[in-house]
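Student: Could we go through this model together, reasoning from the charged side chains to the backbone and then to a pocket?

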Amino acid sequence: MEKLNQKYSWKQIAAWVLTIGLPIMILMIPENEYLNGQMKIYLAISIGAIITFVFENINMTAVSVLLPFLYIIFAKVPAPSALGAWLSPIPWFMLGGMLLAAVLERIGLLKRIAYKIVLSLGATYKGIIWGMGIAGLILYLFLPGNTVVPMAALAYGVCKALGLTQGKASAGITLSAGVAAIVPHFFIYNSDFATIEGLITGLTGPLNVSYIQYIFENLAAVPMYFLLLYLITVIFKPEVTLNSKKYFENEYQKMGSMSQDEKKAIGVCLILLILVLTTNIHHVSAMYCFTIVPIMLYFPFVNVAEPDDFKRINYPLLLFVAACLSIGNSATGVGMGELLEKIFTPIVQGQSIMTVFLGTYVGATLMNFLMTPMAIMAAFSMPLTQIFMVIGVEPTAFVYFFIHSLSAIVLPYEVALWLIFYSFGMISMRDFTKYMIVISVVDFVWVFAIMLPYWKLVGCLML
């Protein structure tokens, strides 16, 4: 009864008006040479779902489960297309990475690596910043996209142990952990790339980018990573001199000698790294490697993983990614590729390539205020890919560029990964916003001054 009597805010009412109203408006558009009945139903379902992802007026996981079946029943999309995400390696790649991260965090290996690196750099304030950066980079090689929670918890633990309250020092430590957990996606293969690839594969076919190829074609972004860490030491100078060597030595000693489980886990990680670095030899996709190798932690004679490790995986995120991929797969099934080509070819004719790049970057930055990066990917990956292909840009280069575009944010709510770091309370909104503006400006300049020429130099920019 209480739920029936609850009052809705204007924001909630507006969200429901858009959720219901926009799909109805699409269904009312007369059929024409561009838009047939099946396409209208597909667009109505897709836009309704994306609006719920933006406003969260319906549980995201519930919508994620429902979406492919709406396509099958109402838009007459073939089931293999609508449910094809689960036949692709992308959700399984994420599952394997999440499992590996859960195990390594539980057995303490992630902390041991971070403590050791910080100690080797002197454990001063700058040592912590650079230690976080190097530790995060190493961990990201094995756990692409799955180091956010461990790095955020580590940074918070360090701040509390040093008696830091919200200030410049705590901001610097927290932000360095954030950079270490998030920014490597610019040059290390990750789930964002795999997700966008899955959304556009109906237009482009498989991109077949290997782990090594991804690093090579984005190598020019590595110096930017270290520049962002250096800027933290310049912008967020601590109020007092910090020397945390004793703390890290005590924490490291409390961990004792490396356990058998940790040694076995290192062995499994080395096997994984070797496999993903040699995909050009054995021709097994890096995504398959990230899916299969972590399961070895359950094998006899290894036996490091526990049943509860699977329970710690973020399954709603997997369902959400699969739903977003279903949007792309179903679009192919109803012929949206041909429609987009008809619409966008006249629009981009006569426009310079740089104008299209600039418009996309600015547009994605503005959309981040209203939509999550995943929702932007789901809504715009296919039409933008079509635009870039029309002007002769390689789909792979577009995906690299789009990942940069989606990373330009100002406020913590815009991206859930950065929100996790902000939510620990060790950084003020002012300091967070200041540094996000710095990252956005640096990345914008870096993309247009360095990355685009580099992609052209290595031959992955133009068709």
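What follows is a set of questions and answers on this predicted model.

Student: How many salt bridges does the structure hold?
Tutor: Side chains of opposite charge can pair when their charged atoms come close. The cut-off applied here is a side-chain nitrogen of Lys or Arg within 4 Å of a carboxyl oxygen of Asp or Glu. Under that criterion, the number of salt bridges in the structure is 9.

Student: How many residues apart are aspartate 431 and lysine 168, which meet in a salt bridge?
Tutor: The side chains of aspartate 431 and lysine 168 come to 3.0 Å, N to O, in their salt bridge. Aspartate 431 belongs to helix H25 (residues 429-457), while lysine 168 belongs to helix H10 (residues 168-182). The pair therefore links distant parts of the chain, its two members being in helices as defined by DSSP runs, and their separation is 263 residues.

Student: Is aspartate 431 buried or exposed?
Tutor: Buried means under 20% relative accessible area, and exposed means over 50%. Aspartate 431 has a relative accessible area of 6%, so this residue counts as buried.

Student: What is the N to O distance in the salt bridge between aspartate 308 and lysine 311?
Tutor: Both residues lie in helix H18, 3 residues apart, about one turn of the helix. Aspartate 308 is partly exposed at 43% relative accessibility, whereas lysine 311 is exposed at 66%. Their side chains meet in a salt bridge with an N to O distance of 3.2 Å.

Student: Which side chain of opposite charge is nearest to lysine 40?
Tutor: Lysine 40 is found in helix H3 (residues 37-55), where this residue is buried yet has no salt bridge. Apart from its neighbours within four places in sequence, lysine 40 is in contact with Ile26, Leu27, Ile29, Glu31 and Leu35. The side chain of opposite charge nearest to lysine 40 is 4.7 Å away, against a salt-bridge cut-off of 4 Å, and that side chain belongs to glutamate 31.

Student: What is the phi of lysine 76, a residue other than glycine?
Tutor: Lysine 76 lies in the loop between helix H4 (60-74) and helix H5 (79-82), and this residue is exposed with a relative accessible area of 61%. Leaving aside neighbours within four places in sequence, lysine 76 is in contact with Gln38 and Tyr71. The phi of lysine 76 is positive, with a value near 55°.

Student: What is the relative accessibility of histidine 283?
Tutor: Histidine 283 is placed in the loop between helix H16 (279-282) and H17, and has a positive phi of about 60° although it is not a glycine. Histidine 283 counts as exposed because the cut-off for that class is over 50%, and its relative accessibility is 65%.

Student: How far apart in space are valine 302 and lysine 264?
Tutor: Valine 302 sits in the loop between H17 and helix H18 (307-311), and counts as buried because its relative accessibility is 17%. Not counting residues up to four places away in sequence, valine 302 touches Lys264, Val268, Met296 and Leu297. Although valine 302 and lysine 264 are 38 residues apart in sequence, their C-alpha to C-alpha distance is 6.3 Å.

Student: Which elements give two or more residues to the lining of the second largest pocket?
Tutor: About 400 Å³ of space lies in the second largest pocket. Of its 22 lining residues, the closest to the centre are Pro89, Glu197, Pro206, Asn208 and Met287. The lining divides into 12 nonpolar, 9 polar and 1 charged residues, and the elements that give two or more residues are helix H11 (191-204), helix H17 (286-292) and helix H19 (315-333).

Methods
Residues numbered from 1 in each chain as written. Predicted model: local features only at pLDDT ≥ 70, side-chain atom pairs only at ≥ 80, totals over all residues. Heavy atoms only, no water. 1 Å grid on protein atoms, 1.4 Å probe; cavity = no way out; pocket = protein on both sides within 12 Å on 5 of 7 lines; lining within 4 Å. Points joined across faces, edges and corners; volume = space filled by probe spheres on them. Helix = DSSP H or I, 4+ residues; strand = E, 2+ residues; numbered from the N terminus. Nonpolar A, V, L, I, M, F, W, Y, C, P; charged D, E, K, R; others polar. Buried < 20%, exposed > 50% of the residue type's maximum accessible area, 1.4 Å probe, protein only. Lys, Arg positive; Asp, Glu negative; His and termini not counted. Contact = heavy atoms within 4.5 Å.
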